[in-house]
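Here is a short tour of a structure, taken one piece at a time. Have the 3D view open while you read.

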Amino acid sequence: MSAPGRYAFFFDSGACSGCKTCQMACKDKNDLGPGILWRKVYEIAGGSWRNEGGLWLPDVYAYNLSMACNHCEDPACLKACPTGAVSRRDDGIVLLDARKCVGCRYCEWSCPYGAPRYDARRGVMTKCDFCADLVAGGGRPACVDACPMRALDFGGLEGLRAKYGGTDSVFPLPAASMTKPALLIRPHRSEGRAGRGRAEIANEEET
Amino acid sequence: MAAREWPLVVFTLLAQIGVGFFLAFPLPLILSGDRPEARSMLLISLAGVLAVLAAAGALSFFHLGNPLNAYRTLGNLRESWLSREIFFLLLTTGLLVGLFVLEWTRAGSRTALVALSVAAALAGVALILSMANVYRLEAIPAWDSPMTTFSFLMTAFVLGALGSAAVSAFKLLSEGGGATPFAGRLPMNAAALALLALDLTAVLLFDPNFGLVRNGQRRVDPRPSRALMRLHGLRMALLLSAAAALVPMILAGSHLASSSLIQSLMIGAFVAVLASETLGRVLFYALFRKEGL
């Protein structure tokens with residue numbers, strides 16, 4: 001299958017139920033050990049109580065963000081890696097060659113999306129490779145195929161933009177100008193409140 | 001701070017101390033001309049700097065998950081500050097080994113010694129600048145500040161100057177006082193005090209999470225924990241006590257440089273600043289918090 005420009009992920013935050021099937025499908029396909037998640041589902045939660053005519057009502061919100069490596073146009077991990085283990089293909093897929101990795105974890109520090117993950121068993125970093133083998137054979141990344149809510153999609157960045165619209169920067173992601181991620185997100189309706197308020201990642205320990 | 005960061009704390013401190021001490025002690029000895037009585041001290045001090053840099057390099061291996069690939073770390077000099085840091089560590093060490101061998105064998109002319117020592121000094125400063133840039137990551141707002149570069153340089157300069165003065169004082173004390181080529185290093189002591197005052201002011205005002213001036217910062221941890229604040233207070237107290245210990249030295253002038261009290265104060269000041277800079281580095285790593293995920 002020829003690359004439709006730069007590959008990207010699309011994620012519909014409003015459609016995601018937080019079931020983590022994408023996370024598990026990724027772990028299964030890539031045979032990832034305990035503690036290693038190339039795709040993570042973050043639960044963003046916030047809110048408080050609201051006084052309405054003397055009655056205290058719960059006023060809370062929560063939404064999910066399913067995030068993997070965003071195969072950035074300007075990858076911080078590539079610039080950080082001292083061994084040249086990280087490379088970027090013409091189709092935008094950013095790959096990490098664990099055979100060259102020294103295990104310094106500097107890519108982990110530099111990535112604002114927390115995408116590279118350390119494999120303590122082998123002493124090297126690992127990360128999402130966009131299921132490059134499946135994509136090369138005309139297939140789809142395992143996470144996209146597994147999502148029961150059809151909240152995830154992939155394809156060429158411009159094609160996805162034309163199909164879904166969306167944005168590449170929602171709370172609590174960093175400014176997209178930092179690394180220019182190949183990512184489009186349809187924000188959850190509470191995303192604006194989360195950005196303005198004191199929302200937090202409720203499952204930080206898990207991710 | 002994660003336990004796995006300890007090798008990096010010690011690595012950065014040792015490398016900065018090594019470079020700073022070279023700039024403050026062996027380099028002025030070489031540049032000040034031929035002084036036969038200083039030769040043994042020059043060789044000992046160069047060996048000391050080399051031992052510190054070698055220890056720093058060796059300790060950095062404890063941070064690696066796959067040290068067998070360490071030889072690949074020069075593979076991205078074009079883009080990675082970490083590659084450049086390792087390159088300048090190797091270059092500085094190599095130049096210092098050359099300098100030591102030339103001095104030891106008396107094979108080099110004075111011009112060669114001066115050229116090599118200036119090259120080693122420049123490589124050493126480049127090492128510290130590269131080291132600071134390794135930490136100036138956009139994804140970690142508390143580190144991505146000019147204060148990181150400034151504080152790494154200050155660690156080298158202050159501990160180098162104080163280390164030089166402390167070594168001179170220690171030599172005088174161990175010899176029971178009297179004049180040596182290293183007695184009365186008043187300019188170095190004054191420089192140490194000036195640098196210390198500058199460091200203290202900068203930490204007080206501009207430390208990314210503890211400084212009084214907080215304008216223009218990007219999102220960082222809004223309020224450090226009470227335990228971290230206490231450690232920061234201890235750090236400031238150590239810097240202040242070192243500055244206070246240096247003042248009598250400056251006021252006493254060179255005629256009192258052989259006083260054992262003054263010499264003990266000098267060694268005490270070095271120890272206090274070493275403890276303070278170690279605390280500062282621990283606090284620096286403790287502020288690790290990423291913007292984004």
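Predicted model: local features only at pLDDT ≥ 70, side-chain atom pairs only at ≥ 80, totals over all residues.

## A pair of facing residues

The strands here are E1 (residues 7-12) and E8 of chain A, and they pair in the antiparallel sense over five bridges.

## The sheet around that pair

Chain A has an open sheet of three strands, in the order E8-E1-E9, with mixed pairing. Which strands sit at the edges? They are E8 (152-156) and E9 (183-186) of chain A, each of which pairs on one side only. If you ignore direction, neighbouring strands of this sheet are turned by 20° against each other on average.

The sheet also has a helix packed on it: H6 (residues 157-164) of chain A, which touches E1, E8 and E9 of chain A. The direction of H6 makes about 130° with that of E8(A).

## A look at A:Met24

Next, find helix H1 (residues 21-30) of chain A, where A:Met24 is located. Why does A:Met24 count as partly exposed? Because it has 16 C-beta neighbours inside 10 Å, and the partly exposed class lies between 12 or fewer (exposed) and 20 or more (buried).

## Where chain A meets chain B

Time to bring in the other chain. How many residues of chain A are in contact with chain B? The count is 28 residues of chain A, against 23 residues of chain B. On chain A's side, the elements that give two or more residues are helix H2 (76-80) and helix H3 (106-110). Sorted by class, this side of chain A has 20 nonpolar, six polar and two charged residues.

## Two domains in chain B

Chain B is itself divided into domain 1 (1-135) and domain 2 (139-293). Their contact takes 22 residues from domain 1 of chain B and 23 residues from domain 2 of chain B.

What does domain 1 of chain B bring to the side that touches domain 2? Helix H1 (6-24) and helix H5 (110-135) of chain B each supply at least two residues. The largest share, ten residues, comes from H1(B). By class, that side of domain 1 of chain B has 16 nonpolar, three polar and three charged residues.

Conventions: Residues numbered from 1 in each chain as written. Chains lettered and ligands numbered in written order. Contact = placed C-beta atoms within 7 Å. Helix = DSSP H or I, 4+ residues; strand = E, 2+ residues; numbered from the N terminus. Nonpolar A, V, L, I, M, F, W, Y, C, P; charged D, E, K, R; others polar. Domains from an automatic or database assignment. Pairing = 2+ DSSP bridges. Axes fitted to C-alpha atoms, helices over the stretch in contact; angles between N-to-C directions.
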